[in-house]
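This report describes selected features of a structure, moving from individual residues to the core and a pocket. The sequence and the coordinates are shown first.

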Amino acid sequence: MNTLFTIAGVGILALIAEIVNLKRWLTLVVILGLAGALAFLPWYTNHAESAPAFNAMLMFDGSAVAFTWLIVIVTVFWLWMSAGYLRQGEHQTDKTSLVIFVVLGAVIMASFNNMAMLFLGLEILSLSLYALAGSKKDSLSSIESAFKYFLMGSFATGFLIFGIALVYGASHSFNLGEIFNFVKDNPDALPAYFYAGVVLMMVGLAFKISSVPFHFWAPDVYEGAPTAITSLMATVVKIAAIAAFWRIFGIIFCLTASHWVNIVYAMVVLTLVIPNITAIYQQKVKRMLAYSSVAHVGYILLGFVALANGNFVNPLPIIFYLAAYSVSSLAAFSVLIKVEENGGSFSGLYYRNKWLAVTMIVALMSMAGIPPMAGFTAKYLVFIAALSANLVPLVILAVITSAISVYYYFRVIIQMFDKDGSVEPVNVSWSIAILNFIFLVLMIVLGIFPAFDLLMRLIQS
Amino acid sequence: MYITVFLILFPMFMFLLLVGMRHKNPKWLALGGAVVELAVSIYAWINFIPGAERQFSIVIPMPYSFGISFNVGIDGISLPLVLLTTVLVPLIILSSSDKNFNRPSLFYGLVLLMQAALIGVFTSFDVILFYVFWELALIPIYLICLIWGREGKGGKITIKFFIYTLVGSLLMLVGILFVYMTGDRPLGPNAFSLNVFYEIGQRMQPGQQRFVFWMIFVAFAIKMPIFPFHTWQPDTYTKAPTQGTMLLSGIMLKMGIYGVIRWLIPVVPFAVVQFSNVALILSVIGIVYASCIALVQKNLKTLVAYSSIAHVGLISAGVFTRSIIGIQGAMIQMFSHGLVVVGLFYLIDIIEQKAGSAEFKDLGGIRNVAPKFTTAFVVIMLGSVALPLTSGFIGEFLLINSLVQYQVWIGAIAGLTIILGAVYMLVAFQKAMSGELQPGLASFTDLSISEKVVLYPVVLLIIIIGVYPGPLMAVSESSVSALVNSLPDLTPFIRP
C-alpha cells in the first residue's frame, strides 16, 4: 500500500512541478518515482503477507502484485516513449499528472477488495482518461473522441453501479470476501436479482475491456485521441480493466459461473470474429491497431472460459498475455508515432529507417502470434487454458481468427517494403532507438524464455 | 554432440553477422558459411553410426518454461534431410552469383536463417521446439518472396501462401496441445519430448486420435502440398524469386513429408490406419490431376511447379502405406526430388535470363546453340522422369513397389506418374530444346563457369545416387524399420 501512496505522491508532485520549475526533468523524475513505488512492492508474496489493507478496502495478494508490476513497468515504458508527446504544447505537468492518476486508478482496480474501491479506481482512471483523450484541444477529432469516451464510459459506469447495488442488496456487503462466502453458503438460495446484478456488472466491465458487443466506442476513441494516449488506453487501461474483470468474475462470482458463463462464451466468439474481420477493411494503421486491440481481448477472454468448471480462473495466462500484448503494442505505437511525425505513411519504411521497420515487423508478428515471438507464447498459454476446459471448438475458432489477423498485420509489412513509396528518411532520437531495441529484445526474450515459473511464484498466494 | 547445436546455431549466427554488419561481399560470406555448414554435416555423416539410435543428441531444459526443452539430435530419418539442406543451400547461393539483388546482405542472411530453421525442424525431438522451427522457417521465405519476388504491389500471392500455411500450422498446434492435455501433463524437462508424445498418442481413444489426425494432417498436407490443399503452390512458385522457389520446392516441402513420418504416423497410429486410404486416394488424385495440368502448361516454370505436386503426391502416398519400403523410398525420393527440382528451376532461370521468357512459344532449338546446357537439361529431366540409373528411379521404384503391395489398383494408378511424367517432360524438352532455332534465341550462350559450378554437382549427384544408392539407403534403413516396427499391431484394423 506504500506503493499506492508513492504513486499518488508522484502524481501530486507532477501537478505542482510547474511551481517549483521542474518541468525540464519532469518525465525522468516521474519515472524514478514510479520505480520507487515498485521498490515498495514485494517481489512475491506468501499467503500470510497478503493481508487486507485500509480496513479491508484493498488487498495486495499475489495476483494484485503481479498486475501492479505489470501496470507500473508498462507505464514506465510508456512515459519513456511519450516524453515527446508530453513535452509538446502546453500543460506538460497536467498531462503527466493525469497519466499518473490513471496509473493510480489502475493499481486500485488491480487490488480492490471492496466494490466501492472498484468504483473509485475505475472513476479515477476514467476521469483522467477523458481529459487526456481530449488533450489535443485544437483537434476536433480529439475532442470528439473525449466526448464519445465520456458519454459511453459514464453509461457503462451506470450499469456497473446498478449491478453493484443489486449484488449488495442480495449479499448485504461490499466486501469481496463476504460476497464470496455468501455465494458459497447459499448456493441454491440466491435471489434472482443477484444474478441480474452479476450480469449488469459484466456489461459494465465488458464496456471497459471493450469486448464485443460493447466495443463500439473503442475504434472511434482510439482513432481520435492523440496516438500516445491511444497506446496508453490499449495497454495500461486494458490491463487494469482485465484485472478488475478477473477479480470479479474469475474469483468472486466463479461459483455461480454456470449461470452466466454462456454470456462469456458468446463474448469470446463475437470478440474473436467481428474485430478481426472488421480490421481487414481499415485503411489507417491506427484504426487497424484499435480493432486489433479489441480482438486481443477475445484471446484474453479465452483464458476465462475455464470458468465452466466453477474453478478460480488461473491468472497466469491472462497476465502473460497482457504482458506480451502490451510490449508488442507499445512497440507498434512507438513506431506509429514516429511515422506520424514524418508524414504518416508506412510505405517504404524499410528503406527509410531499417530499425524502425524491423521493430514494427517483430511487433506485428508478435501480435499475430507467430513463434518465437512473445505473442505466440501468450496464445499458447490461453489455448492450453481453454483446452483444459475441453473447449476445442473455441480454440479452433481462435486459431482461424488469428490466421485472419495475419492478413491485416502483414499488409502493413508489405507496405513497408513498397519500393515506390516515399523516400525521405525518418530520423529517430537515441532515446527512442534504445527503447525500440529494448522492445525488440523483450518481444523475443519473452517468447523464448517466458519465465513462467517466476510468474507462477509471484501469483501463488 | 554439439554438432547438431552447431548446425542449427551457426547459420543463425551468420544471419546476424550478415544483417548486423555492413559487409562488402555478402554473397561470398554467405557462401563461406554454407560451405562450412556442409563440411560439418558431412563430418556428422562420417561419424554417424548406421543404426536406429539418435546420435549427436543433446537435451537442454529451457529455463522457466513448463517442460519445453532444447532437445535435438540426428537419427537415420533426420540425416538425409539435413544433408539435403546443407547440400542445396550452397548451390542455391551459388545459383544467384550472376544476380545483383538490392540489399544482398539481407537476402543471403534470410537464406541462411531459413537453413537454420529447416535444420531445426529436421533435428528437433521436442514437439514445441519442432513447432517453433516450423513457423520460423516461414518468416524468411515470406520476406524473400515479398521483397525480391516478381509480384507487383500488394503481395496478394505471398500473403495467400503465408496465411494458407499458417492456418495449417496453427491447427497443428491445436492438435499438439490436445495430445499434451490428454496425457498426464508432466512438467519435467521431457514433457514435450518425442517419446512421451508417442506414448500419450498411442494410448489415446480412437475418437481423440481421429481428431488429432485431422488437425496435424492438414498442416502437413498444406506444406507438401497434397491435392485439395495445393492451390497456393503454383502461383507462389512462379512469382517467388528463383532462389525462393528452390528453397520452397527443394527443401521446404520435405518438411511436410518428414512431419508425416516423424510426427503423424507414430503419434496417432490407429487414426492413420483408418484414414490412410483417404490420404492415399488424395495423394493419387494429386498425382494424376497435377500431371494432367502439367501436360497443358504453356510455361516451363508452371509445368515444373505442377510436376512437383505430382512427385510429392507419390512420396506421400508411399509414406501412408506405413511400410518400410514405402518410407525408405520416400527418404531417397525426397533427396532426389530436392536435387532434381533445384536443378530444373535453375535451368529455367537461365532460360528466362537468356531468352527473356520461359513460355514455350518463345523457345525452341536451344540444343543447336548450347550443347552443354542441353546435356545438363537432359540428365536432370531424366532424373525427374525416373529413368533407371538416375536417382529418381530408385525412389519411385520403391514407392510404387510399396503401393502395389498395399493395394494393386492404387499402385497401378500411381504408376501413371511415370508415364505422364515422361510425357510432359519430353514434350517440354521437345518444345524448348529441339526443333528449329527460334530467331530470338540466336544469342543464347552456353553454360558459363558459374552455371557449371551449380549444375555439374547436381548432375553428378543425380547419377551417383542412381548408380550407387547404398550409402544413402544405409543411413536411414534401420531408423525407418525401427519406426515401422514400433507401431502397435494394427492388422485387425486394416480394412480389406
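The model discussed here is predicted. B:R322 is placed in the loop that runs between helix 13 (300-320) and helix 14 (324-355) of chain B. Its phi is near 55°, a positive value in a residue other than glycine.

## Model confidence

For the complex, the predictor gives an ipTM of 0.85 and a pTM of 0.90. The average pLDDT of chain B is 87, and 96% of its residues score at least 70.

## Further backbone features

A positive phi is also found at B:F56, where the angle is about 50° although the residue is not a glycine. B:F56 belongs to strand 1 (residues 55-61) of chain B. With a relative accessibility of 14%, B:F56 counts as buried, because the cut-off for that class is under 20%.

A:P372 sits in the loop between helix 16 (354-368) and helix 17 (374-388) of chain A. B:P225 is located in the loop between helix 9 (206-223) and helix 10 (233-239) of chain B.

## The largest nonpolar core

Which residues touch the most other members of the largest nonpolar core? They are A:F253, B:F220 and B:F373, in a core of 399 residues. In soluble globular proteins, nonpolar side chains tend to be buried together.

The contacts below leave out residues up to four places away in sequence. B:F220 touches B:F130, B:W134, B:M172, B:G256, B:G259, B:V260, B:W263 and B:L264. B:F373 lies in helix 16 (residues 371-384) of chain B, and its relative accessible area is 0%, so it is buried. The residues that B:F373 touches are B:L347, B:I350, B:I351, B:I366, B:M433, B:F444, B:D446 and B:L447. B:L173 stands 200 residues from B:F373 along the chain, and their C-alpha atoms are separated by 45 Å.

A:F304 is positioned in the loop between helix 13 (285-302) and helix 14 of chain A. Is this residue, A:F304, buried or exposed? Its relative accessible area is 1%, and it is therefore buried. Beyond its neighbours within four places in sequence, A:F304 is in contact with A:I242, A:F245, A:W246, A:G250, A:V313 and A:I318. A:I318 is 14 residues away from A:F304 along the chain, with a C-alpha separation of 8.2 Å.

A:Y325 lies within helix 14 of chain A and is buried, with a relative accessible area of 4%. Residues up to four places away in sequence aside, A:Y325 touches A:A234, A:K238, A:S293, A:H296 and A:M367. One of these contacts, A:A234, is 91 residues from A:Y325 along the chain. The C-alpha atoms of A:Y325 and A:A234 are separated by 9.3 Å.

## A buried glutamate in chain B

B:E352 is part of helix 14 of chain B. At 19% relative accessibility, B:E352 counts as buried, because the class covers values under 20%. Apart from neighbours within four places in sequence, B:E352 is in contact with B:R150, B:K301, B:S357 and B:A358.

## The second largest pocket

The second largest pocket has a volume of about 1,000 Å³. Its lining comprises 43 residues, and the closest to the pocket centre are A:Y85, A:Q88, A:K136, A:P226 and A:T227.

Which element contributes the largest share of this lining? Helix 14 (residues 315-341) of chain A does, with 6 residues. By class, the pocket lining divides into 14 nonpolar, 15 polar and 14 charged residues.

How values were computed: Residues numbered from 1 in each chain as written. Chains lettered and ligands numbered in written order. Predicted model: local features only at pLDDT ≥ 70, side-chain atom pairs only at ≥ 80, totals over all residues. Heavy atoms only, no water. pLDDT = per-residue confidence, 0-100. 1 Å grid on protein atoms, 1.4 Å probe; cavity = no way out; pocket = protein on both sides within 12 Å on 5 of 7 lines; lining within 4 Å. Points joined across faces, edges and corners; volume = space filled by probe spheres on them. Helix = DSSP H or I, 4+ residues; strand = E, 2+ residues; numbered from the N terminus. Nonpolar A, V, L, I, M, F, W, Y, C, P; charged D, E, K, R; others polar. Core = buried A, V, L, I, M, F, W, Y, C linked by side-chain atoms within 4.5 Å. Buried < 20%, exposed > 50% of the residue type's maximum accessible area, 1.4 Å probe, protein only. Contact = heavy atoms within 4.5 Å.
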